[in-house]
Amino acid sequence: WTSGLVRATASNHWVIGPEKTASGRAILANDPHLEGNRLPSVWQEVVLEWGDQWRVCATMPGMPFAAVARGNELAWGVTYAGIDGIDSWIEDCRDGSYRRTENGADTWKRFTARRETIKRRKNTDVEITFYENDHGVLDGDPNVAGLYLCSRWASGHGAGARTLDASRRMLRETRVPSAMDVIGQVESGWNWVLADSAGNIGYQMSGLVPRRRPGVRGAVPLPGWLAENDWQGFVDVRQLPRELNPARGFIATANEDRNDLGEVSPITIAMGSERADRIAELLGARDDWDVASVQAMQMDVYSTQAERFMAVLEPLLPHTDAADLLRSWDRCYALGSVAAATFEQLYRALIQEVLGSVCGHEVVRHILEETVVTAMLYANIDRILLNPTSVWYGDQGRDRVVARVAGQVLNEPPGIARGERSVVMKHLLFDGRVPEWFGFDYGPIDVRGSRATIHQGQIFTNNGRKTTFMPSYRMVTDFAHANAFTCLLGGPSDRRFSRWYTTGIDDFLEGRFKLLQSAVRKT
């Protein structure tokens with residue numbers, strides 16, 4: 001059943017100030033990237049109206065919050081922040097207790113025991129006991145002496161009341177500066193960009209960020225018996241990364257490191273900055289942005305990652321047809337691009353060779369084929385591959401290894417395997433187990449883009465299931481007009497036999513938008 005849950009992975013959003021738009025009003029754009037190969041759509045579009053107020057929103061069924069919204073005077077969008085809000089402590093346990101050292105003396109404290117009964121159909125019930133303390137839930141039985149990990153998620157603190165209150169208050173907010181303080185109260189880790197009818201643009205990170213002792217980032221477990229390693233409450237919203245009306249005239253985020261904008265550093269390991277860099281490059285290049293040009297930008301498939309790699313690879317490539325194709329490649333991951341597929345083959349082979357020689361080729365094969373490591377943390381791998389003096393290359397050095405691998409990979413005629421860049425959109429519960437003719441699934445659909453393009457397009461296997469990171473929803477709104485342009489990867493109905501089950505898919509894949517607006521359209 002957990003396979004039906006949405007994975008918070010990646011997204012783009014940006015806001016453009018009035019000085020850089022054709023209309024002289026602020027523009028907001030958002031395209032959340034989730035598992036696109038699922039049906040029904042994870043997003044639900046709603047229109048809220050009360051008095052002369054309105055909001056056109058995208059939310060998720062069961063979630064009492066408008067994640068992406070445009071109203072009379074305020075709009076906002078969301079991306080995943082990647083806050084490090086989970087820590088583990090090493091607990092020294094015996095006789096159902098854990099050790100604490102205070103003033104040089106050891107004391108032993110009892111865990112709180114919580115018993116849960118799992119009722120099983122056609123089987124006896126199973127009772128499980130969980131042991132908890134201020135560091136979270138213990139991974140083990142403290143009645144058996146030993147060292148165990150105890151883990152806690154910051155956003156699990158409390159009952160979600162702050163988030164619900166922020167959701168309610170956001171429906172009344174009209175200006176970016178005050179709305180930043182409100183939306184920052186959301187207890188889980190997100191990046192929010194905001195724009196308003198007065199021309200303000202802003203960025204605010206939300207989430208419960210633990211206060212750790214100086215010098216600790218939360219990357220490794222610490223001894224739980226030392227009080228100095230305890231969390232010291234949570235960081236104030238105004239200390240989180242935030243920005244208001246920057247001189248450059250725009251704000252863009254794409255899951256990259258945003259720590260420089262705050263008084264604290266909530267992100268321990270960030271995704272690569274290529275998508276954010278590309279967005280910033282395009283936004284900075286012109287001052288006449290409008291809805292149509294922003295919509296086109298959301299479909300951009302130029303890869304600055306490929307550009308950096310090709311600067312290194314090009315002089316080391318052999319003289320073959322496949323290598324010549326790479327040399328002439330425009331670095332775009334367009335649909336059906338043989339050159340892009342050839343680059344991906346070489347990129348994968350380099351990872352397998354360089355990391356596999358140290359970690360073991362089977363380990364790296366598993367990382368490539370069965371995990372999200374190369375999908376989300378590719379920038380860390382790229383730093384190894386592009387570094388000419390990296391110890392990972394051993395005595396041979398980067399250029400000799402790259403030339404050898406390129407000679408092996410590019411010796412065959414260029415081509416793209418059938419179905420390599422396509423996926424079937426499967427029902428999130430049945431997951432392809434229902435016969436095709438029932439119509440619960442759709443496709444296959446072709447996926448454009450890569451891990452490092454604005455239009456992200458990643459296809460990989462995770463826990464044995466083929467999945468994707470790709471845009472799942474798009475919104476663009478210009479405050480010159482009281483509406484928003486949207487497109488939905490799926491349809492507005494979750495019912496297989498509704499005519500609206502898949503009506504938005506073709507338009508979404510081609511980048512065609514519909515007009516979404518309220519009957520009450522005062523600004």
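In this predicted model, strands β3, β20 and β21 form an open sheet, arranged in the order β3-β20-β21 and with mixed pairing. Strand β20, spanning residues 422-427, runs antiparallel to β21 and is joined to it by three bridges. A handy landmark in this pairing is V423, whose bridge partner in β21 is I445.

Most peptide bonds are trans, and most residues other than glycine have a negative phi. Against that background, the bond from G443 to P444 is cis, with omega near 15°, and P444 lies in strand β21. A cis peptide bond also joins L39 and P40, where omega is about -5°; P40 sits in the loop between β3 and β4. In the loop between β20 and β21, D431 has a positive phi near 50° although it is a residue other than glycine. The relative accessibility of D431 is 22%, so this residue counts as partly exposed. K122 is another non-glycine residue with a positive phi, here about 65°. This lysine belongs to the loop between β11 (112-118) and β12 (126-133), and K122 is exposed, with a relative accessible area of 80%.

Turning to strand β5, how many of its residues are buried? Seven of the seven residues in β5 (residues 53-59) are buried, so the strand is largely enclosed by the rest of the structure. Both faces are covered: Q53, R55, C57 and T59 are buried on one side, and W54, V56 and A58 on the other. With β4 (residues 44-50), the pairing is antiparallel and extends over seven bridges, with V47 standing opposite V56 of β5. The hairpin of β4 and β5 has two residues between the strands, and G51 adopts a positive phi near 60° there. With β6 (residues 68-71), β5 again runs antiparallel, joined by four bridges. V56 takes part here too, with R70 as its bridge partner in β6.

Among the helices, α7 (residues 338-359) and α8 (residues 361-370) have axes that come within 7 Å and cross at roughly 135°. This angle makes α7 oblique to α8. The crossing is right-handed. On the α7 side, the contact is made by R348, I351, Q352, E353, L355, G356, S357 and C359, and on the α8 side by H361, V363, V364, R365, L368 and E369. By residue type, the contact divides into six nonpolar, four polar and four charged residues.

Helix α3 (residues 274-284) has E274, R275, A276, R278, I279 and L283 as its buried residues. These pack against strands β1 (10-16), β2 (27-34) and β19 (250-253), and against helices α4 (291-297), α5 (304-313) and α10 (378-386).

Finally, R169 is found in helix α1 (residues 161-170) and counts as partly exposed because its relative accessibility is 33%. R169 and T389 are 220 residues apart along the chain, and 53 Å separates their C-alpha atoms.

Definitions and conventions: Residues are numbered from 1 along each chain as its sequence is written. This is a predicted model: local features need pLDDT of at least 70, side-chain atom pairs count only at pLDDT 80 or more; totals for chains, interfaces and linings use all residues. Side-chain values use heavy atoms; hydrogens and water are left out. Two strands pair if DSSP finds at least two bridges between them. Axes are lines fitted to C-alpha atoms, for helices over the stretch in contact, and angles run from 0 to 180 degrees between N-to-C directions. Angles under 35 degrees count as roughly parallel, over 145 as roughly antiparallel, 65 to 115 as roughly perpendicular and the rest as oblique. A crossing is left-handed if the near helix is turned anticlockwise from the far one by less than a right angle, and right-handed if clockwise. Contact means heavy atoms within 4.5 Å. Ala, Val, Leu, Ile, Met, Phe, Trp, Tyr, Cys and Pro count as nonpolar, Asp, Glu, Lys and Arg as charged, and the others, Gly among them, as polar. Buried means under 20% relative accessible area, exposed over 50%, partly exposed in between (1.4 Å probe, protein chains only).
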